Amino acid sequence: MTFLFRTAFRKQGLLIPVLNAVRGMSTGSSTPPFTTLSISRPADTITHVEFCRPEKRNAMNKAFWSEMVDCFNQIAEDKECRVVVFSGAGKIFTAGIDLLGMASDIMQPEGDDTARISWNLRQIIAKYQETFSVIEKCPKPVIVAVHGACIGGGVDLITACDIRLCTQDAWFQVKEVDIGLAADVGTLQRLPKVIGSRSLVNELALTARKMYADEAKSCGLVSRVFPDKETMMAGALEMAGEIASRSPVAVQGTKINLIFSRDHSVQESLNYMATWNMSMLQTHDLMKSAQAAMEKKSPKDIIFSKL
């Protein structure tokens, strides 16, 4: 896959000056053929996906829901990419669903009777669910960087990501009950497994109250809080560089098995892991990493083949 706006930057053969790269990451416009996403390559093995509708507060319109699927399916097959950073352009991360743009699908589904209307509406919901499930299905780790508001569908999105970072001014809101519906594209399924407190999840989902950065960190929704967006993006890129420097066999296998273990018992997960590693342990990456460790070299000094 060919991505536009590639800007390679190096430090000891890998990454940065990070801040200079961060300043050049946001183009302010989408990357064709996408109309809602801007795709760039801040480093050879890192893909930056930016939600790019700042004039609409990054509200999720019809195009966004399909473009996310196309984008992450392409990333999954891109042998150059080893890790993804996802962020939002403009003043906030996202205002959530674009109610005006999506009204026809939700309020006026096709069908001659209740059964057919329901059938078609179910297909629409399932299609929207795939917009965020595709992030989870992508074997490349996805770091999401949130600044400002993350409302409604934004929570669905970030809970499908592997690592969540935010700025001090970030806040999160499961907004759906305020607009007369139950969240149906991932929040109610993933948030309980991210936070771990059923009581807190119930409170957030039933009251639609805002959760601010400090609480988000204390409950485990995010792992790190940064003072501002520029610092956060620099931190996200640095973290992405650390991940990208490791064996892609090890990294992608780790993500896949972490997600499997979340949804299965310990014994099922151990069996799956044994089956997985009976082939993956035969990689050359294992010997390369062991040799580097004995020579007291950094993983960044190892050249791993594409995967």
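Arg 57 lies in the loop between strand E2 (46-51) and helix H2 (62-77); helices (H or I, at least four residues) and strands (E, at least two) are DSSP runs, numbered from the N terminus. The phi of Arg 57 is near 55 degrees, a positive value in a residue other than glycine. The model is a predicted one, in which local features need pLDDT of at least 70, side-chain atom pairs count only at pLDDT 80 or more, and totals for chains, interfaces and linings use all residues. Residues are numbered from 1 along each chain as its sequence is written, and side-chain values use heavy atoms, with hydrogens and water left out.

Pro 32 and Pro 33 are joined by a cis peptide bond, with omega about 5 degrees. Most residues other than glycine have a negative phi, and most peptide bonds are trans.

In the pair H3 and H4, the axes are 9 Å apart and the helices pack at an angle of about 140 degrees. Axes are lines fitted to C-alpha atoms, for helices over the stretch in contact, and angles run from 0 to 180 degrees between N-to-C directions. H3 and H4 are therefore oblique to each other; angles under 35 degrees count as roughly parallel, over 145 as roughly antiparallel, 65 to 115 as roughly perpendicular and the rest as oblique. Met 102, Asp 105 and Ile 106 of H3 meet Leu 121, Ile 124 and Tyr 128 of H4, where contact means heavy atoms within 4.5 Å. By class, this contact of H3 with H4 has 5 nonpolar, no polar and 1 charged residues. Ala, Val, Leu, Ile, Met, Phe, Trp, Tyr, Cys and Pro count as nonpolar, Asp, Glu, Lys and Arg as charged, and the others, Gly among them, as polar.

For helix H6 (residues 187-195) and helix H7 (residues 198-207), the axes come within 9 Å and cross at roughly 140 degrees. That makes H6 oblique to H7. The crossing of H6 with H7 is right-handed; a crossing is left-handed if the near helix is turned anticlockwise from the far one by less than a right angle, and right-handed if clockwise. Leu 188, Leu 191, Pro 192 and Ile 195 of H6 make the contact with Arg 198, Leu 200, Val 201, Leu 204 and Ala 205 of H7. The residues of this contact divide into 8 nonpolar, no polar and 1 charged.

The axes of helix H10 (residues 248-262) and helix H11 (residues 266-280) come within 10 Å, crossing at roughly 160 degrees. H10 is therefore roughly antiparallel to H11. H10 also passes H11 in a right-handed crossing. The contact of H10 with H11 has 7 nonpolar, 4 polar and 1 charged residues.

The structure holds 1 cavity of 30 Å³ or more. On a 1 Å grid over the protein atoms alone, a cavity is a set of points where a 1.4 Å probe fits but cannot get out, and a pocket is an open set with protein on both sides within 12 Å along at least five of seven lines; lining residues have an atom within 4 Å of a point. The largest cavity has a volume of about 60 Å³, a volume being the space filled by probe spheres set on the points, with grid points joined across faces, edges and corners. Among the residues that line the largest cavity are Leu 191 and Leu 204.

The largest pocket has a volume of about 550 Å³. Its lining comprises 25 residues, of which Ile 97, Leu 99, Ile 106, Ile 179 and Leu 181 lie nearest the centre. H4 gives the most to the lining of the largest pocket, with 4 residues.
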